[in-house]
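Hello,

Here is the structure I promised to pass on. Please open it alongside this email; my notes follow below.

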Amino acid sequence: MVEKISLNVVVPSLNLEHNFLIPAEMNVEGAAALILRALMEEYPGVGQRAAAGAHLMQMSTGKLLNSGCNFRQLGIAQGEKLLLM
């Protein structure tokens, strides 16, 4: 079974916060793409332009997450709050 991590993602452009279950071994770039795909399905106005160059930032530290690393490598814990930019 694939271990998943629960992340709270704040999306300021839509003025919302969602909880996502992401595979813990997925890299940040893949997770951002997965999150954007889910948001585009729920909010069609997001559009493809938002998908290009999306980044995740750890809100507790203000650090931009390395897109090539996975959440386990970065020490991201269950329930961590991230900002989608």
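A residue counts as buried under 20% relative accessible area, as exposed over 50%, and as partly exposed in between. Gly-62 has a relative accessible area of 44%, so it is partly exposed. Keep in mind that this is a predicted model.

Gly-62 sits in the loop between strand E3 (56-58) and strand E4 (63-64). Arg-72 is 10 residues away from Gly-62 along the chain. The C-alpha atoms of Gly-62 and Arg-72 are 18 Å apart.

Now the hairpin. Strand E1 (residues 4-11) and strand E2 (residues 16-23) run antiparallel. Eight bridges join E1 to E2. Asn-8 faces Asn-19 of E2 across the pairing. Four residues lie between the two strands of this hairpin. Asn-15 has a positive phi there, near 55 degrees.

Next, Glu-80. It belongs to strand E5 (residues 80-84). Is Glu-80 buried or exposed? Glu-80 is buried. It has no salt bridge. The nearest side chain of opposite charge is that of Lys-81, 9.9 Å away. A salt bridge needs a side-chain nitrogen of Lys or Arg within 4 Å of a carboxyl oxygen of Asp or Glu.

What does the side chain of Glu-80 make a polar contact with? The partner is the side chain of Gln-58, at 3.2 Å. Setting aside neighbours within four places in sequence, Glu-80 is in contact with Ser-6, Leu-7, Asn-8, Gln-58 and Ser-60. Asn-8 is also the residue that stands opposite Asn-19.

Best wishes

Notes: Residues numbered from 1 in each chain as written. Predicted model: local features only at pLDDT ≥ 70, side-chain atom pairs only at ≥ 80, totals over all residues. Heavy atoms only, no water. Pairing = 2+ DSSP bridges. Buried < 20%, exposed > 50% of the residue type's maximum accessible area, 1.4 Å probe, protein only. Lys, Arg positive; Asp, Glu negative; His and termini not counted. Polar contact = N/O pair within 3.5 Å; in protein donor to acceptor, adjacent residues only side chain to side chain. Contact = heavy atoms within 4.5 Å.
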